[in-house]
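User: I've got this one open and I'd like to know what the labels rest on. Can we go through a few of them?

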Amino acid sequence: MTDPVIAAVEALPPLRDIIARFQLSARKSLGQNFLFDLNLTRRIARAAGNLDEGTCIEVGPGPGGLTRALLLEGARKVIAIERDRRSIEALQDLVAAADGRLEIIEADAMDVDLTTLGEAPRRVIANLPYNVGTPMLLSWLKRAEAFESFTLMFQKEVAERIAAAPSTPHYGRLSIAARWRAEIFQLFDIPARAFTPAPKITSQVVRLKPRPKPLAEADPDLLEQVTAAAFSQRRKMLRASLKNYGGADFLEAIGIDPTARPETLTVEEFCAMARAVAARH
């Protein structure tokens, strides 16, 4: 027997008709690029796993392409955060079709504590605005244990930085912050031509699975401090970039080669540096 919500969503007008009806031109100031291809949005929804329990949290639904896909893939509850009043009005028919499974919150997602939304397990599934995607992810990772997973679309260059391993070109501060709290899976690319308007870059969908506990013990603020210091002079040896922490003596005391460069260190070694800084205080 067909799910009545799925049938109601399938009966809605095409997204392009919704765009025209509500004059939803994408706004650059909001980082908007609309994805119409339902095959692609449903692929993103499926990548998030089993959606029939807990809550799916979407950031920036726009006209509702991914939102529709989540409902069509059986999401029990979707909470979408949108600050564009035009999009909120355009989503009302979808809210009605979802029959209680879709809730819209009018807000800037940077101001919303996602850990308070809906019931666990919570999954964040979103085509993030390019201009705020990284700070959003970093803020969510600070409370990673509150989420079951993050299935997110970034510009490909950012996705590569998130997933990068030590001793690879893209490894850096973002890689360490992400790897410390989650396992990371690069899933698939989405070409620029799939979006309206088409950006100048390829996008990539990434899935982050929070670890039961961080990869190694460290104070998050101190970990960020030593990581920032180390990568502030990426091409220099650590003894130079970390001279304010004690340089070679500081590094040798915790078993790290002072002549190493930051991109060669593991997340665990950066955590050891953070613990050594904490021990001084």
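User: What makes something here count as a cavity, and how many of 30 Å³ or more are there?

Analyst: There is one cavity of 30 Å³ or more. On a 1 Å grid over the protein atoms alone, a cavity is a set of points where a 1.4 Å probe fits but cannot get out; lining residues have an atom within 4 Å of a point. Volume is the space filled by probe spheres set on the points, with points joined across faces, edges and corners. The largest cavity comes to about 40 Å³.

User: Before we go on, what kind of model is this?

Analyst: It's a predicted model: local features need pLDDT of at least 70, side-chain atom pairs count only at pLDDT 80 or more, and totals for chains, interfaces and linings use all residues. Residues are numbered from 1 along each chain as its sequence is written, and side-chain values use heavy atoms, with hydrogens and water left out. pLDDT is the predictor's confidence in each residue, from 0 to 100; the chain averages 93, and 97% of the residues score at least 70.

User: Why is Thr55 called buried?

Analyst: Buried means under 20% relative accessible area, exposed over 50%, partly exposed in between (1.4 Å probe, protein chains only). Thr55 has 0%, so it's buried. Thr55 sits in strand 2 (residues 55–59); strands are DSSP runs of E, at least two residues, and helices are runs of H or I, at least four, numbered from the N terminus.

User: Is Arg280 buried, exposed or partly exposed, and why?

Analyst: Partly exposed, because its relative accessibility is 48%. Arg280 belongs to helix 13 (residues 267–280).

User: What makes helix 9 mostly covered?

Analyst: In helix 9 (residues 173–181), seven of its nine residues are buried, including Trp180 and Arg181.

Key. 1 Å grid on protein atoms, 1.4 Å probe; cavity = no way out; pocket = protein on both sides within 12 Å on 5 of 7 lines; lining within 4 Å.
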